[in-house]
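Here is a short note for a colleague who has not looked at this model before.

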Amino acid sequence: MEFITVDNQFEKHIALIRLNRPKELNALNLQLMGELRDALAELDADDEVRVVILTGNEKAFAAGADIKQMAGKTAIDMLITDQFSTWDQIKKTKKPLIAAVSGFALGGGCELAMTCDMIVASESARFGQPEIKIGVMPGAGGTQRLTRAVGKARAMEMVLTGKFISAEEALAAGLINRIAPVEMYMEAAKDLAREIAAMSPVAARLAKESVNRAFETHLDEGLHFERKNFYMLFASEDQKEGMQAFVEKRKPEFKGK
Ligand code: CAA
């Protein structure tokens, strides 16, 4: 791995992936995205890992797709390379994925954070889809995920003017989960990860799938999907343990089975 670092034992049941092209503000070139896809697939298959945190550095989560790598390409190059196909794999990650964002989360960087399940931001975080300023538009989910997260008015303005929003604005708009001071945002992301890692990983997986389904289907189909997942959890040891622990007034010990 050249452009990311992976720690599968960041803490018990928590893995950390760090985007690591600091001089380029973590611009997302093809190699980096391929490394990220492979790392997530590996962590997804690692039974010890229950939650993954994805982060950059204090100055930048990621300043977007690598403009220098794209600048000279033709439409057919883009079609053949199909650079956003790696994103389809990332979206399929089964474990909860938390983006810990500080500094710039722009273009593909904002889209990558939105591909995660939750976003914890530092006070310095700036979110934006500035592609319009370089003659293009968001291509990795920005027009869809941002609109679903913050609504049409704000999404349209961000996509058409390229203006950034602050962490405060992002929180008020429902784009992110929480804000912490710059020195504390990783700790805040870890706190959230710890909370989730203490739950049943089987339940977390099906719950994540079910919430995501809400964005892909109509209500009846989504309710049906949710109900089946709920019933299916009664095949898990974790359901027996969770409910038994409640009855016995103790903390449950979930095994992911
Ligand atoms: N691609 C390639 N290189 C980038 C980059 C990007 N997206 N963003 C920053 N860099 C590079 C800069 O070229 C610069 O490299 P050099 O030192 O070799 O010149 C280095 O990172 C530091 O950047 P700046 O000197 O520009 O830093 P700054 O603090 O003055 O400005 C910034 C920061 C406002 C984020 C500015 O870098 C910027 O506007 N970056 C581009 C943001 C952008 O347009 N992102 C969208 C990309 S397209 C996309 O993402 C499509 C999609 O939907 C997936």
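1. A salt bridge is a side-chain nitrogen of Lys or Arg within 4 Å of a carboxyl oxygen of Asp or Glu. By that rule the structure holds 15 salt bridges.

2. On the basis of the note: this is a predicted model, in which local features need pLDDT of at least 70 and side-chain atom pairs count only at pLDDT 80 or more, while totals for chains, interfaces and linings use all residues. Residues are numbered from 1 along each chain as its sequence is written, and side-chain values use heavy atoms, with hydrogens and water left out.

3. The chain is divided into domain 1 (4–197) and domain 2 (201–247), with bounds that come from an automatic or database domain assignment. To the contact (heavy atoms within 4.5 Å) domain 1 gives 9 residues and domain 2 gives 7 residues. The C-alpha centres of the two domains lie 26 Å apart.

4. Domain 1 and domain 2 bury about 680 Å² between them, 53% of it on carbon and sulfur atoms. Buried area here is the accessible area (1.4 Å probe) that two parts lose on being put together, summed over both.

5. Across this interface the rule finds 2 salt bridges. Lys 208 forms a salt bridge with Asp 117, and their closest N and O atoms are 2.8 Å apart.

6. Arg 21 and Asp 66 also meet in a salt bridge, at 2.8 Å from N to O. The pair links distant parts of the chain, 45 residues apart: Arg 21 is in the loop between β2 (14–19) and α1, and Asp 66 in the loop between β4 (60–62) and α2 (67–70). Helices (H or I, at least four residues) and strands (E, at least two) are DSSP runs, numbered from the N terminus. Arg 21 is buried, with a relative accessible area of 10%, and Asp 66 counts as buried at 10%. Buried means under 20% relative accessible area, exposed over 50%, and partly exposed in between (1.4 Å probe, protein chains only).

7. Asp 38 lies in helix α1 (residues 30–44). Its salt bridge is with Arg 37, the closest N and O atoms being 3.0 Å apart. Asp 38 is partly exposed at 38%, and Arg 37 is partly exposed at 29%.

8. Glu 187 forms a salt bridge with Arg 194, with 3.3 Å between the closest N and O atoms. Salt bridges that share partners join Glu 11, Glu 187, Lys 190, Asp 191 and Arg 194 into one network.
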